[in-house]
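User: I'd like to learn how to read aromatic pairs and helices in a model like this one. Can you walk me through it?

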Amino acid sequence: MSDCIFCKIVAGEIPSSKVYEDDEVLAFHDIHPFARVHFLIIPKAHVASLADCAPEHERLLGRMLLLAPRLAKEQGLDSGFKTLINTGRGGGQEVFHVHIHVFGGGDPVRRS
């Protein structure tokens with residue numbers, strides 16, 4: 001989608017601090033972290049929300065979820081982490097491209 005910020009990140013039109021990338025998935029640090037470690041895992045293909053996923057997305061969603069613990073550990077979250085998927089406006093979703101928040105490690109480091 002031409003107006004989707006995450007699609008623009010996937011296309012390289014907007015820079016990101018990448019954590020992981022392969023043919024189907026991209027993970028990058030959140031620009032407004034609410035924990036010391038906070039990154040997003042997104043599919044490269046545009047799907048607006050979890051509510052818009054269909055059976056054909058099952059493998060991709062599973063793959064994204066299984067990446068979370070591996071990437072969390074690589075980011076220093078050895079003792080645990082949280083995951084969050086906001087779905088729809090009523091669920092707090094702000095960017096309408098399905099994504100998993102992975103975060104932990106205490107309050108974010110404030111940069112001056």
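User: Let's start with F6: is F6 buried or exposed?

Analyst: Buried counts as under 20% relative accessible area. In this predicted model, F6 comes in at 6%, so F6 is buried. F28 is buried too, at 4%.

User: How many aromatic pairs does the structure hold?

Analyst: Two. In one of them, the ring centres of F6 and F28 are 5.5 Å apart and the planes sit at 80°; planes over 60 degrees apart count as edge-to-face, so that's what this pair is. F6 belongs to helix 1 (residues 5-10) and F28 to strand 2, so the pair ties together parts 22 residues apart in sequence.

User: And what about F34 and F103?

Analyst: They pair edge-to-face as well, with 4.7 Å centre to centre and 70° between the planes. F34 sits in the loop between strand 2 and strand 3, while F103 is in strand 5, 69 residues away. F34 is partly exposed at 42%, whereas F103 is buried at 11%.

User: Now helices. How does the span of helix 2 compare with what its 17 residues should give?

Analyst: You count 1.5 Å times one less than the number of residues. For helix 2 (residues 58-74) that should be 24 Å, and the end C-alpha atoms are 25 Å apart, which agrees. There's a bend of about 30° at A68, with a proline, P69, following within four residues.

User: Which residues of helix 2 are buried?

Analyst: L60, M64, L67, A68, L71 and A72. Helix 2's buried residues pack against several strands, including strand 1 (18-21) and strand 5 (100-104). Just after helix 2, G76 takes a positive phi of about 95°.

Terms used
Residues are numbered from 1 along each chain as its sequence is written. This is a predicted model: local features need pLDDT of at least 70, side-chain atom pairs count only at pLDDT 80 or more; totals for chains, interfaces and linings use all residues. Side-chain values use heavy atoms; hydrogens and water are left out. Helices (H or I, at least four residues) and strands (E, at least two) are DSSP runs, numbered from the N terminus. The bend at a residue is the angle between axes fitted to the seven residues ending there and the seven starting there. Buried means under 20% relative accessible area, exposed over 50%, partly exposed in between (1.4 Å probe, protein chains only). Contact means heavy atoms within 4.5 Å. Rings of Phe, Tyr and Trp (its six-membered ring) pair if their centres lie within 6.5 Å; planes under 30 degrees apart count as stacked, over 60 as edge-to-face and the rest as tilted.
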